[in-house]
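Hello,

Here is the structure you asked about. My notes follow below it.

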Amino acid sequence: MDRPDLQDKKNKLDAGRENLLQALSALSLLAETERTLNEAKENEKALNAKVEACQKQYVLLQTAFDSKKTSYDDIRTLYDKQKEAVEEWAKETRSRLVVGDTCPVCGQEIKSLCKDEDFQSVLAPIRTSLETKEKEYKEAEQALNNNRTESNTYGTLAENARQSTARALRSYNLAHTDAQAKCAQCNGIGLSTTTGETLKKLLEENKLEADKLNEKLTEVQMLSTQIIALQRQKDECQKHVDAARQAFNSADRVLNELKNNIVNYESLTANEKENI
């Protein structure tokens, strides 16, 4: 295989290696977006559970509040009525009543008359009960308000979590599409639980083949360098040969001239002897 073929194969291996690296990177990003999506789903699920718990608790708190409020209203009504019984106008009215009269309030016959102190003694425990019921009613109201605040807070957080989950899902879908496309460029590999291992194996095979090819390219380069050096030596020798040939031709011309001169000289000498 000559150098252009080797270089072409190396270029293909480099392109394949780049595709494998891009596929592994896309696969890593896919795994990260999947983890983010799962975390977002878990967070949304937890917040929804808290919202649901608040809503269930609200029903119980509302029932408790209504019960406390009713008890408070009842004791308040009793207290107000009993309080009227100790006011000055009530005292004045009672002072005019006698056993056997008709009660101006309920319309029944008066069997016996109670003293003002009796009404006062009855009012005191009612007031104490009223204060207790009011405290319980206020606490129930506060618990209900706290529940509303907590529910609203968790509701806002749950809505934000739903939006985060939606964004995470979009990112995951984009990463999935990108990873699927990049893996398909690597011998048509599809996404599965073993895709990562398959890509790493192909990358290792690519490296081994590239190392062998680089060794061949290095050998070819060394041979090419030797050929160039030999070519230079040949060219240098050729220069010496050409110079020697030129020197030989020049010497040959001189020799021929000398030979011609000798012949001419001998011819002249012969002619002169004949003339003598």
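Cys186 counts as buried, at 4% relative accessibility. Buried here means under 20% relative accessible area, exposed over 50%, partly exposed in between (1.4 Å probe, protein chains only). The closest cysteine sulfur to that of Cys186 is in Cys183, 6.3 Å away, which is too far for a bond. The structure holds zero disulfides (a disulfide is a pair of cysteine sulfur atoms within 2.5 Å). Cys54 is also buried, with a relative accessible area of 4%.

A word on the source. This is a predicted model: local features need pLDDT of at least 70, side-chain atom pairs count only at pLDDT 80 or more, and totals for chains, interfaces and linings use all residues. Residues are numbered from 1 along each chain as its sequence is written, and side-chain values use heavy atoms, without hydrogens or water.

Now the aromatics. There are two aromatic pairs (ring centres of Phe, Tyr or the six-membered ring of Trp within 6.5 Å; planes under 30 degrees apart are stacked, over 60 edge-to-face, the rest tilted). Phe65 and Tyr137 make a tilted pair, 5.8 Å centre to centre with 35° between the planes. Phe65 lies in helix α1 and Tyr137 in helix α3 (residues 116-184), so this pair ties together parts 72 residues apart in sequence. Helices are DSSP runs (H or I, at least four residues), numbered from the N terminus. Tyr72 and Tyr137 are stacked, at 5.0 Å and 20°. Tyr72 is buried at 12% relative accessible area, Tyr137 at 10%. Phe65, Tyr72 and Tyr137 form one aromatic cluster.

Best wishes

Technical notes:
Helices (H or I, at least four residues) and strands (E, at least two) are DSSP runs, numbered from the N terminus.
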